[in-house]
Amino acid sequence: MSELVLPLAAITDEFSPTDLDRALDAMAEVGMTGAELRIVWGRNIMDLSDQEIDRVRASVESRGMQVLSIASPVLKCVLPDAPPVDPRLQQDTFAASFTFADQPALAKRAFEIAERSGARMVRVFSYWRSVDPDACFGRVASALQALAEQAGERGLIIGIENEHACNISTGEETARLLESVATPSLQVIWDPANALVAGETPFPFGYRAMPASRIGHVHAKDCDAVDFHPTWGELGAMSVDWTGQIQALVSDGYRGYLSLETHWKGPHGDKFEASQICGRRLRALVLGDRVS
């Protein structure tokens with residue numbers, strides 16, 4: 001296979017939420033060398049035992065791959081005593097259901113799993129999006145400051161994902177957060193498609209709003225969106241300018257992973273097939289090949 005300027009990865013359950021080996025084999029076939037863990041063997045990664053995490057790590061590393069990130073649901077919950085949650089937005093939980101009261105224990109376990117699996121980053125969110133996100137901003141920033149400090153003490157990174165159903169959803173909102181929480185142990189998991197669903201033009205506008213040096217990871221998926229409702233599709237064939245985005249990342253010195261988060265169900269309703277298609281498209285985009 002041709003050498004890639006940016007390495008490739010995927011959230012494993014996008015290929016299969018129940019058969020980890022099948023997912024990893026398909027990822028390796030595309031040339032992916034990194035894995036993110038969210039649902040494994042039909043269960044959220046947070047619910048796996050230490051022994052099961054050891055098995056997952058062994059399966060990943062036996063293919064010459066590494067665990068990059070724990071795709072945790074930390075801060076993917078309702079913020080108490082805040083304005084109501086915005087009812088227009090779909091909230092995906094991925095086999096996880098944790099409350100605000102669960103968050104300290106949940107974060108502790110996420111850190112333990114990261115250390116045990118060899119992951120450097122723990123993904124977190126910013127609470128379900130309120131009808132008035134500005135009213136929640138101070139508490140969001142405070143929570144992320146605390147998480148970043150805890151992570152830094154362990155030599156880990158907190159990755160805040162801009163999520164359209166959460167209070168930090170766009171590049172512009174992410175930039176404001178980064179200005180407030182300056183610690184280097186807080187980095188961005190930049191998801192252009194999520195920003196698009198939130199109503200932003202992710203590239204160039206959302207991307208250029210953020211300091212490129214704080215982007216630690218990138219999620220790749222594609223969609224069209226109307227009134228905060230996405231229609232997921234083939235990577236590189238929908239509304240995100242992935243060609244421009246990848247070129248800008250490379251030009252700005254980003255050398256981290258592009259990680260596939262397909263979401264699309266494919267032309268025949270087969271998520272595995274959809275992820276294979278999008279994995280090949282992602283590789284072609286990174287190589288600068290024409291994607292038709």
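A residue is counted as buried when its relative accessible area is under 20%. By this cut-off, eight of the nine residues of strand β5 are buried in the predicted model. Strand β5 is therefore largely enclosed by the rest of the structure.

Strand β5 has two pairing partners. With β2 (residues 34-37), β5 pairs in the parallel sense over four bridges. Here Val67 of β5 stands opposite Ala35. The pairing of β5 with β6 is also parallel and runs over three bridges. In this case Val74 faces Val124 of β6.

Glu14 was examined next. This residue lies in the loop between β1 (8-11) and α1 (20-30). Its relative accessibility is 0%, so Glu14 counts as buried. The side chain of Glu14 makes a polar contact with the side chain of Arg38, at 2.9 Å. A polar atom of the Glu14 side chain also lies 3.4 Å from the backbone nitrogen of Thr262. With neighbours within four places in sequence left aside, the residues in contact with Glu14 are Arg38, Leu260, Glu261, Thr262, His263, Lys271 and Ser275.

Aromatic rings were then considered. Three aromatic pairs are found in a search of the whole structure. One of them joins Phe15 and Phe272 in an edge-to-face arrangement. The ring centres of Phe15 and Phe272 are 6.2 Å apart, with 75° between the planes. This pair links distant parts of the chain, 257 residues apart. Phe15 belongs to the loop between β1 and α1, while Phe272 belongs to helix α9 (residues 271-287). Both Phe15 and Phe272 are buried.

Phe100 and Tyr127 form a tilted pair, because their planes meet at 40°, with the ring centres 6.0 Å apart. Phe100 lies in the loop between β5 (66-74) and α3 (103-117), and Tyr127 in the loop between β6 (121-124) and α4 (133-153), so the pair ties together parts that are 27 residues apart in sequence. Tyr127, at 5% relative accessibility, counts as buried.

Charged side chains also sit over aromatic rings. Lys76 lies over the face of Phe125, at 4.5 Å from the ring centre. Over the ring of Phe137 sits the charged end of Arg176, 3.7 Å from the centre of that ring.

Technical notes: Residues numbered from 1 in each chain as written. Predicted model: local features only at pLDDT ≥ 70, side-chain atom pairs only at ≥ 80, totals over all residues. Heavy atoms only, no water. Buried < 20%, exposed > 50% of the residue type's maximum accessible area, 1.4 Å probe, protein only. Polar contact = N/O pair within 3.5 Å; in protein donor to acceptor, adjacent residues only side chain to side chain. Contact = heavy atoms within 4.5 Å. Phe/Tyr/Trp six-rings, centres within 6.5 Å; stacked < 30°, edge-to-face > 60°. Lys NZ or Arg CZ within 6 Å of the ring centre and 35° of its normal. Pairing = 2+ DSSP bridges.
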